[in-house]
Amino acid sequence: MTADDVNPWLAATREVFETRFRCTPVRSGLRLKASGENVAEVNAMIGISGRAVGMVVVGMESETAREVLRRTTGTEADTVNDEVCDAVGAVTGAIAGAAR
């Protein structure tokens with residue numbers, strides 16, 4: 001993968017978080033990961049194909065994932081549950097759409 005493959009995803013992530021949540025995400029690292037290795041406490045994956053083939057993983061800590069749910073639906077969650085995972089998945093889908 002090259003910067004040309006990765007940069008649209010970084011820009012899309014920033015755009016989605018700034019637009020939807022009025023906050024700027026902080027990148028804590030960028031790396032190729034081994035299959036099956038978790039990036040963070042909550043991870044959502046999008047398959048990609050074309051010039052680059054593989055998976056893009058959007059990972060965040062559970063506190064951030066619960067805040068994504070709160071800011072999108074107004075629902076509070078004490079733990080990572082199905083609603084939290086659905087909210088993170090929806091945000092990941094928006095990032096994928098913006099990265100095209």
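Which residues in helix 2 are buried? Select Ser 62, Ala 65, Val 68 and Leu 69: these are buried, meaning under 20% relative accessible area with a 1.4 Å probe, protein chains only. Helices are DSSP runs of H or I with at least four residues, strands are E runs of at least two, and both are numbered from the N terminus.

A word on ground rules: this is a predicted model, where local features need pLDDT of at least 70 and side-chain atom pairs count only at pLDDT 80 or more, while totals for chains, interfaces and linings use all residues. Residues are numbered from 1 along each chain as its sequence is written, and side-chain values use heavy atoms, without hydrogens and water.

Now look down the axis of helix 2 (residues 62-73). Its buried residues fall within an arc of 115°, so they line one face of the helix; the arc is taken from the directions from the helix axis to the C-beta atoms. They pack against helix 1, strand 1 (42-48), strand 2 (54-60) and helix 3 (82-99).

Next, pick Val 88. Leaving out residues up to four places away in sequence, Val 88 touches Val 42, Ala 44, Met 60, Ala 65 and Val 68, with contact meaning heavy atoms within 4.5 Å.

Last stop: Asp 5, in helix 1 (residues 3-21). Is Asp 5 buried or exposed? Asp 5 is buried, at a relative accessible area of 15%.

How values were computed: Buried < 20%, exposed > 50% of the residue type's maximum accessible area, 1.4 Å probe, protein only. Expected span 1.5 Å × (residues − 1).
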